[in-house]
Amino acid sequence: MQKTAIVGMAQTRYERRKKDRIFADMVFDVTRGALEDAGLTIDDIDSVVTVSNDFYDGRTISGMAVGDASGGQDKNISTVSGDGTFGAFYGLMRVLSGYQATIVVAHYKGSEGSVPVTTNGMFDPIFQRHLGIDAISSSALQASAYMSRYGITEEEIAAVSVKNHGNARNNPYAQLPLSITVEDVLRSRKIADPLKLLDCCPVSDGAAAIIIANESVAAKAKAKPVWIKGVAHCCEDYLLGDRDLADPVALKEAAKRAYAMAGIANPLEEIDVMEVLEPFSYMEPLWLEGLGICGAGAGAKLAVRGVTAMGGKLPVNPSGGALSANPVLVAGLARLIEASLQVRGEAGARQVPGAETALAQGYHGPCGQSQCVWIVSGKQ
Amino acid sequence: MGRRVAIVGTGQTYHKSHRPDVTSKEMIKEAVDAALLDAGITIREIDAIVIGNMDHFESINAVDTYSVEGSGAYMKPVMKVSTGGTTGATVAIAAYYHVASGLFDRVLAIGFEKNSESDTTGAIITCSDAIWDRFSYSGAIPSLATEATAYMEQYGARQEDAALVGERDRNHAMNNPYAHLRRPLKVADIMASPMLAYPIKLGDICPRSDGACACVLAVDGTAQKMTKTPAWFKAAAVRHTYTWFGDSTDYTKGLVSMQRAAQDAYSQAGITNPVEEIDVAELYLPYTWAGLKWIEDIGFCGRGEAPKFVGEGNTHMGGKLPVNPSGGVISTNCIGATALLRVAEAAIQVMGKGGQRQVPDVRNALATGFGGCFWSDVVILSSEKP
């Protein structure tokens, strides 16, 4: 793979409701922010990928809302309907095909939709949808499958929420910086057994943008380039009943391919920090198992023992993760941006000292059906 | 510059206004199986999949994950790309970059729509901005009716000139076993059909169809082993110029997005005289006036000359530059698949697999996509490797 880098990025602050910003406003803000970060102008950008979803936006051809705000006028522009990590993957492929720089933008306003209604639309219209299943209740099924398989306790899962909300206190973009205890999580309102309120992400509004460029644009960009070392995605079966929800096989496969591309043999030793997409607290340990950080069922011990804490052997979600702000689709791109900030050494109060190699993970579909893994490095 | 890429196999379903015999997943599988058979491979040899539709036409969120059993994406990378009417071309172009990038060698591109499962106009009406555009240019027909009226006013074109485009495409559809509307229409029939929005009559506009299309793309080196006649990508151009319908309505300028996309595509392909160098075109013409005005924007003839150019039979089968041997969008319109069908039909022509609808000795074939807010995509396929 020829050398490519992330040379600019920007996020909005994530909030419960941005009532002074329509989609185009948010996207314009992050487009301008990413260009400023990179020290480039819109004329340096020759390709645009927007990320949006017609269900979440309540609008057919949702990409149309942000065409001019993303600088897509008279450029090769397209729309990925999926998590931001997949949009970034398309942006990368365009650069590898000969474009010099792609800007990838994602937007979401949870405040203008209904999560139960829109995510119910992911499920089979004949056999499942009328049961009322949605992103939250399906995740509760996955949490139960995972926890009962390995005897994981609600306390162990709650430790992830305590850690990530605590980390969010260092992230100026986060929506829910909280100082909470395991007891607080356990006592919070039951949402869908075994998930309590503090095991679940908030509803968020926000946008994010990154610029992926070839080597020559990276050389002239102002920001320190974040080199793309490995990336892969993979999708597993659709019907929940056909899947082993406690075994993230698509993530394992995506990680295997991304590690091979990046030349990583032992991720726990070779990766300095990870940003994973965990709108529900149980997802972080389950995804870490899929990423090969520990054996099956051992993920829940990592947060309890401080392995994934700031200062631990492998800090996970220094940003506070999706538990602290979950603008859907944007959230995966935010993971990639946070991982990139870490290897640039510009993560501020949430910086992991000396981070050189970072991993970002995003997913699309029910219970992490389709998974995408990125490895980035500050070293060429 | 990326790697060279060719289409090595295509597949499509038969099309009807309602396919109650299949779910959308089964319909997708019908097209995928046909494309894999045409390429002489199995799903195991596919490295990645790109799929697209318009969510609200089936009311299924995240069709990339929903359709795994039909697309064959189980334990493979799959990505969903969606841009309205241009979706199919956008999917083909995304699949092209998948291969050109060097990350994948054999990629499956899929477009589908099961329009019978929705209220098409109810769904499409929400594409316009809720505050500024929805009360005026909503749905597919009003902006097209305005464009047609402006064209008639500017060049003195008659409704019969447009109806000839409809007669041509519906006649061509008689040669295509997959087409939805295989019943010829004469100019007089179109003129006598019910008025929808002046000057667009029922016979001037596309139907809504159920259907799916799939193409197999392969990299240089692999493509030649899979088929003797790969259809090589010479150009892929995208111009989604407008965001607001209110900005796209200076119809005296022509279809600016198509002019720019076509120029970009010709420059990529090294084409200086399109009418001489392109042998066949599969154009996304959702209504008959597009077959006049837009072929001027593509550069097949000068401004205002299309009624004469089409009237002389240049775009009919056997003419100088046959347009839509398949019968085009006026005969078949499964929206998310429609622009991919244009690319697939162009590939079929280059590969010489057109049967009764084959144009002899095709070297360069041009396909377009149209949709969104007067957006245009252009793909040029060729028997010559660029």
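Which residues in α5(B) meet α16(B)? They are B:Thr87, B:Gly88, B:Ala89, B:Val91 and B:Ala92, and across from them in α16(B) sit B:Gly336, B:Ala337, B:Thr338, B:Ala339, B:Leu340, B:Leu341, B:Arg342 and B:Val343. "Contact" here asks for C-beta atoms, placed from the backbone, within 7 Å.

Some ground rules: this is a predicted model, where local features need pLDDT of at least 70 and side-chain atom pairs count only at 80 or more, while totals for chains, interfaces and linings use all residues. Residues are numbered from 1 along each chain as its sequence is written, with chains lettered from A and ligands numbered from 1 in the order in which they are written.

Back to that pair: the axes of α5(B) (87-100) and α16(B) (335-351) come within 5 Å and cross at roughly 55 degrees. Axes are lines fitted to C-alpha atoms, for helices over the stretch in contact, and angles run from 0 to 180 degrees between N-to-C directions. The two are therefore oblique (under 35 degrees is roughly parallel, over 145 roughly antiparallel, 65 to 115 roughly perpendicular, the rest oblique). Helices are DSSP runs of H or I, at least four residues, and strands are E runs of at least two, numbered from the N terminus.

Now the interface: chain B and chain A put in 46 residues each. On chain B's side, α5(B) gives the largest share, five residues.

Conventions: Two residues are in contact if their C-beta atoms, placed from the backbone, lie within 7 Å.
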